[in-house]
Amino acid sequence: MKGIAPILLVVAVLAAVPLVVHSNTALNFLVITLLTALAGQGWNILGGYGGQYSFGHAAFFGTGAYVTAILQVRYGVNAWPGFAIGIAAGALVGAIIGALTFRAGLRGSYFALVTLAFAEVLRILASVAPVTGAGVGTLIKLDLHASALQFESRAVFYWVILVLLAVSLVIARTIENTRFGAWLIAVRENEDAARALGVDAFKVKLGAMTISAAITAAAGCFYAQYFLFVDSGIAYGTRMSIEALLTPIIGGAGTVFGPLVGALVVKALGEVATYVAGDAPGLNLIVYGCVLVLVIAFAPRGLIGLVTGAGRRLARGKREVAHG
Amino acid sequence: MAESLLAVSNLTRRFGGLLAVDGVSIAADEGRITGLIGPNGAGKTTLFGLISGFIPPNEGDIRYEGETITRLPTHERARLGIARTFQIVQPFAGLTVRENIVVGAHLRHRSRADALAAADVVGREVGLGGMLDRPADTLTVAGRKRLELARALATEPKLLLLDEVLAGLNPTEIREIVPVIRKLCDRGITIMMIEHVMQAVMSLSEHIFVLAEGRIIAEGAPAQVAADRGVIEAYLGHGAAKKFGAQA
């Protein structure tokens with residue numbers, strides 16, 4: 001059984017970064033990276049561990065962002081409960097989409113397309129509904145107090161997203177060590193065989209989708225608090241859906257640290273590309289596409305799979321030498 | 001006499017115009033090994049699919065421990081104690097042998113540690129003790145068949161449906177696994193097995209049903225079934241029974 005010691009270590013190292021790095025640009029980059037990692041971790045629970053490839057995680061990200069923003073702006077709810085309700089609303093949307101798609105028996109690319117469709121429908125609705133501010137979007141009033149979940153210092157925001165990410169890492173590890181996780185992975189590997197062994201595949205997938213949606217929604221809630229602005233393109237646009245699935249696939253789907261590694265690599269490469277080529281529109285997407293092709297061709301189990309695979313081969317080689 | 005552990009009555013399943021299973025009634029008595037034989041395409045695997053809940057029947061009734069289970073989903077039947085293996089092995093290829101078995105063990109053991117311990121016991125019981133940490137996709141055919149058996153056993157079933165666990169094994173491997181199956185029966189697990197390896201199924205089963213073209217054409221003790229004219233003709237063709245001088 002794998003413990004949480006590596007998680008504590010990684011989080012401790014990351015927590016120390018703002019003590020050394022004071023540049024706002026650098027901290028901003030790290031906040032966005034961790035935000036992407038968090039959204040990716042949500043996808044990873046359903047896609048990485050459960051094998052259900054969603055193309056529409058923006059549906060949860062956007063719901064979290066909008067609910068957090070709208071509750072504050074239109075209903076005068078405090079940001080803290082607003083944040084929690086945003087997560088719950090994302091989980092609810094996940095449960096509803098999950099119930100509909102899994103009940104209909106959608107698998108593989110059909111599931112992917114239908115989740116994408118749900119996110120697009122939400123995007124279109126958000127772009128016209130008065131409650132979301134329609135095309136104008138929703139702006140949260142600047143109020144730099146902890147009571148409003150806004151902080152003057154980037155470092156504090158960084159620690160907030162780090163805490164959220166840490167929780168998501170612990171959730172992933174816990175899933176690995178429980179019956180639910182064993183069943184979820186079994187469903188990924190072979191759903192029929194899992195059912196024959198008493199696994200209620202529908203319930204397991206629905207549970208995974210709900211947890212998955214809640215985590216990605218948390219990233220959306222944080223986005224709203226950090227940027228204080230949400231519109232339909234940001235919240236429900238395909239960009240978020242793509243980043244949420246790209247980071248775990250590149251880092252290593254179905255591993256605890258896959259989304260974090262993937263987010264660091266993807267975001268760093270995006271920055272480098274921007275630095276080299278200037279701010280050409282769509283450049284980041286080209287970079288993502290290239291990285292994705294390379295990873296799928298040469299490291300189908302992601303960067304983490306590449307490293308652990310090499311480690312295992314090395315260990316086996318040593319054993320063979322010892323025996324020979 | 002008390003009702004059998006499993007009683008299938010008048011079960012029918014059509015695939016379009018094909019009657020795959022046609023009014024089949026069979027039973028598995030508690031604590032015994034029941035054989036299900038028949039030529040290729042007879043509907044044996046479909047019948048297992050119906051009993052385990054993968055395929056809904058068009059007509060008929062399945063009773064287990066005296067209760068009707070005809071409409072229960074597969075996973076609930078597994079919870080009631082019906083386990084099956086697949087003719088075409090279905091390992092969780094990306095997992096180790098132990099992780100494969102643990103999935104089954106979790107049905108009765110919520111805690112990870114208990115399930116792991118139970119999986120190790122089952123793994124040793126079927127002769128996979130030395131391979132628990134190997135990835136499942138590195139196993140040989142014989143190993144994969146054992147893994148199918150181990151996973152099903154780990155669910156601690158009362159009724160075990162074995163779909164050709166001996167197919168594709170060499171004589172040595174068959175000799176190794178036959179006692180394992182017999183031991184399971186001695187432990188009180190009721191077994192129904194589809195098998196083409198006649199020597200094994202004849203020696204293991206107490207009662208045999210013969211299925212051909214979706215219908216039960218004979219049943220009885222192994223020797224009785226082997227001498228049946230209809231059975232010989234179903235396997236070897238029309239007129240074969242006369243040639244071999246079988247009883248009418």
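Guide: Start with one cut-off: a residue is buried if 20 or more other C-beta atoms lie within 10 Å of its own, and exposed if 12 or fewer do. Keep in mind that this is a predicted model.

Visitor: Which residues of α4(B) are buried?
Guide: In α4(B), they are Ala115(B), Ala118(B), Ala119(B), Val122(B) and Gly123(B).

Visitor: What makes these buried residues line one face of the helix?
Guide: Look down the axis of α4(B). The buried residues fall within an arc of 140°, so they line one face.

Visitor: What covers the buried residues of α4(B)?
Guide: The cover includes α3 and α5 (141-154) of chain B. It also includes α7 (179-189) of chain A.

Visitor: How do you know that the span of α4(B) agrees with what it should be?
Guide: Take its 14 residues at 1.5 Å a residue. They should span 20 Å. The end C-alpha atoms are 20 Å apart, so the two values agree. Just after α4(B) comes Gly127(B), with a positive phi of about 85°.

Visitor: Why is Ser111(B) called exposed?
Guide: Count its neighbours. Ser111(B) has 11 other C-beta atoms within 10 Å. Exposed means 12 or fewer, so the label holds. Ser111(B) sits in the loop between α3 and α4 of chain B. Its C-alpha atom is separated by 21 Å from that of Ala83(B), 28 residues apart along the chain.

Visitor: What makes Asn10(B) worth a look?
Guide: Its backbone angle. Asn10(B) has a positive phi of about 55°, although it is not a glycine. Most residues other than glycine have a negative phi. Asn10(B) lies in strand β1 (residues 6-15) of chain B.

Visitor: Why is Asn10(B) called exposed?
Guide: It has 12 other C-beta atoms within 10 Å. The limit is 12 or fewer, so Asn10(B) counts as exposed.

Visitor: Why is Glu213(B) called partly exposed?
Guide: Glu213(B) has 15 C-beta neighbours inside 10 Å. Buried needs 20 or more and exposed needs 12 or fewer, so 15 falls in between. Glu213(B) also has a positive phi, of about 50°, and is not a glycine. Its place is the loop between β9 (207-212) and β10 (215-220) of chain B.

Visitor: What is the strand order of the six-strand sheet in chain B?
Guide: The order is β6-β7-β8-β3-β9-β10, in an open sheet with mixed pairing.

Visitor: Why are β6 and β10 of chain B said to stand at the edges?
Guide: Each has a single partner strand, so one side of each is left without a neighbour in the sheet. From one strand to the next, the twist averages 20°.

Visitor: How do you know that β7 and β8 of chain B pair?
Guide: Pairing takes at least two bridges. Strands β7 (residues 159-163) and β8 (residues 190-194) of chain B have five, in the parallel sense. Among the bridge partners, Leu160(B) goes with Ile191(B), and Leu162(B) goes with Met193(B). Strand β3 (residues 33-37) of chain B also pairs with β8(B) in the parallel sense, over four bridges. There, Leu36(B) partners Ile194(B).

Visitor: Why is β8(B) called largely enclosed?
Guide: Five of its five residues are buried, so the rest of the structure largely encloses β8(B). Both faces are covered. Thr190(B), Met192(B) and Ile194(B) are on one side, with Ile191(B) and Met193(B) on the other.

Visitor: What about the four-strand sheet in chain B?
Guide: It is open and antiparallel, in the order β2-β1-β4-β5. β2 (18-28) and β5 (67-68) of chain B each have a single partner strand, so they stand at the edges. Two bridges join β4 (residues 59-64) of chain B to β5(B). Pairing asks for at least two, so this pair meets the rule. Arg63(B) stands opposite Thr68(B) in β5(B).

Visitor: How many residues of chain B are in contact with chain A?
Guide: 22 residues of chain B are in contact with 19 residues of chain A. α2(B) gives the most to this side of chain B, with four residues. The residues on this side divide into nine nonpolar, eight polar and five charged.

Note on methods: Residues are numbered from 1 along each chain as its sequence is written. Chains are lettered from A and ligands numbered from 1 in the order in which they are written. This is a predicted model: local features need pLDDT of at least 70, side-chain atom pairs count only at pLDDT 80 or more; totals for chains, interfaces and linings use all residues. Two residues are in contact if their C-beta atoms, placed from the backbone, lie within 7 Å. Ala, Val, Leu, Ile, Met, Phe, Trp, Tyr, Cys and Pro count as nonpolar, Asp, Glu, Lys and Arg as charged, and the others, Gly among them, as polar. Axes are lines fitted to C-alpha atoms, for helices over the stretch in contact, and angles run from 0 to 180 degrees between N-to-C directions. The expected span of a helix is 1.5 Å times one less than its number of residues. The arc is that of the directions from the helix axis to the C-beta atoms.
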